[in-house]
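Please read these notes with the structure open beside them. They are meant as comments from a colleague, one topic to a point.

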Amino acid sequence: MTTPDTVRPAPRAFWADARFLLGIALIIASVAGVWLVVASARQTAPVFAAARTIVPGQTVTADDLRVVDVALGSAGDTYVSPASLEPGVIATRTILAGELVPHAAVDEADAATTTSVVIRTAGDVSAAVTAGSVVEVWAAPAEEGGEVGEPRILVPSATVVTVTKDDAVVSGEDVSLEIVIPRADVAATLAAVSDDSLLSVVPVAGESR
């Protein structure tokens, strides 16, 4: 009786092994990519946030700031950090309390186009007027016989630094404000203060800088 030849399995094709190895490599690369993304997201850097509202023209010091660790990635270079804070810089716009401080919001003092003055208003001010508020300053010139002239806008856009009410005044309507105004408006403002014009401030709705 003839014994049939033993059937041997066909050798495994090389391309099948290569595909298996490629699949393993793709899985490893995917896991590594996810790990790198997660690790990058967990990396934080120290930058400054405003500890209180900072107004335009104000010198920014370490006392006005607090350090926070945030994950900003490549955007981290756009914010002021303990290593990049230059001494003597000023704010070029209002930086609200808690806001991260971008480099674009500070500049050298020599670049300032604004300055601060103190005015006293003829009456009380709106409760909406606080530090950082943008207001219009109106002036009504004093005329002979105790008359008051027609009010006009003295400064179309000023930023409030502080609001102080004089407790000694019974009516509670004597209010002084420190405001930041463009240097071009300083002369007119000081003239209005010196000639006893009646000054008032009106909040600009929806604006804060």
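Predicted model: local features only at pLDDT ≥ 70, side-chain atom pairs only at ≥ 80, totals over all residues.

The points below go through strand pairing, salt bridges, surface patches and one backbone angle.

1. Local features are discussed only where pLDDT is at least 70, and side-chain atom pairs only at pLDDT 80 or more.

2. Strand S8 and its cover. Strand S8 spans residues 175–182 and is mostly covered, with six of its eight residues buried. Ser176 belongs to this strand. Is Ser176 buried or exposed? Its relative accessible area is 15%, and because the cut-off for buried is under 20%, Ser176 counts as buried.

3. The partners of S8. Strand S5 (residues 114–120) runs antiparallel to S8, and seven bridges join the two. Within this pairing, Thr114 has Pro182 of S8 as its bridge partner. Strand S7 (residues 152–165) also pairs with S8 in the antiparallel sense, over six bridges. Here Val163 stands opposite Leu177 of S8. When looking at these strands, recall that side chains in a regular strand alternate between the two faces of the sheet.

4. Ser176 and Lys165 are 11 residues apart in sequence, and their C-alpha atoms are 6.4 Å apart in space. Lys165 is in strand S7, and its relative accessibility of 42% makes it partly exposed. Ser176, by contrast, is buried.

5. Salt bridges: the count. How many salt bridges does the model contain? The count comes to three. They are taken one at a time in the next three points.

6. Arg52 and Asp64. These two residues form a salt bridge in which the closest N and O atoms are 2.9 Å apart. Both lie in the loop between strand S1 (45–50) and strand S2 (65–70), so the pair ties together parts that are 12 residues apart in sequence.

7. Arg93 and Glu99. The side chains of Arg93 and Glu99 meet in a salt bridge, at 2.8 Å from N to O. Arg93 has a relative accessible area of 30% and is partly exposed. Glu99 is partly exposed too, at 25%. Arg93 sits in the loop between strand S3 (90–91) and S4. Arg93 can also be placed against Thr159: the two are 66 residues apart in sequence, yet 9.2 Å apart in space, C-alpha to C-alpha.

8. Asp124 and Lys165. The side chains of this pair meet in a salt bridge of 3.1 Å, N to O. The pair links distant parts of the chain, 41 residues apart, with Asp124 in the loop between S5 and strand S6 (133–140) and Lys165 in strand S7. Asp124 is partly exposed, with a relative accessible area of 42%. Lys165 is likewise partly exposed, also at 42%.

9. A nonpolar patch. Which residues form the nonpolar patch on the surface? They are Ile24, Ile27, Ile28 and Val31, and together they have about 380 Å² of accessible area. Of these, Ile28 lies in helix H1, which covers residues 14–42. Ile28 has a relative accessible area of 54%, and because exposed means over 50%, Ile28 counts as exposed.

10. Asp107 is partly exposed, with a relative accessibility of 35%. Since patch members need over 30% relative accessible area, that value is enough for Asp107 to be included.

11. Backbone at Asp196. The phi angle of Asp196 is near 60 degrees, a positive value in a residue other than glycine. Where does Asp196 lie? Asp196 is in the loop between helix H2 (186–194) and strand S9 (198–208). With a relative accessible area of 56%, Asp196 is exposed.

Notes: Residues numbered from 1 in each chain as written. Heavy atoms only, no water. Patch = residues over 30% accessible without salt bridge, like charges linked within 9 Å, V, L, I, M, F, W, Y side chains within 5 Å. Areas by Shrake-Rupley, 256 points an atom, 1.4 Å probe, with all protein chains shown as cover. Salt bridge = Lys/Arg side-chain N within 4 Å of Asp/Glu carboxyl O. Helix = DSSP H or I, 4+ residues; strand = E, 2+ residues; numbered from the N terminus. Buried < 20%, exposed > 50% of the residue type's maximum accessible area, 1.4 Å probe, protein only. Pairing = 2+ DSSP bridges.
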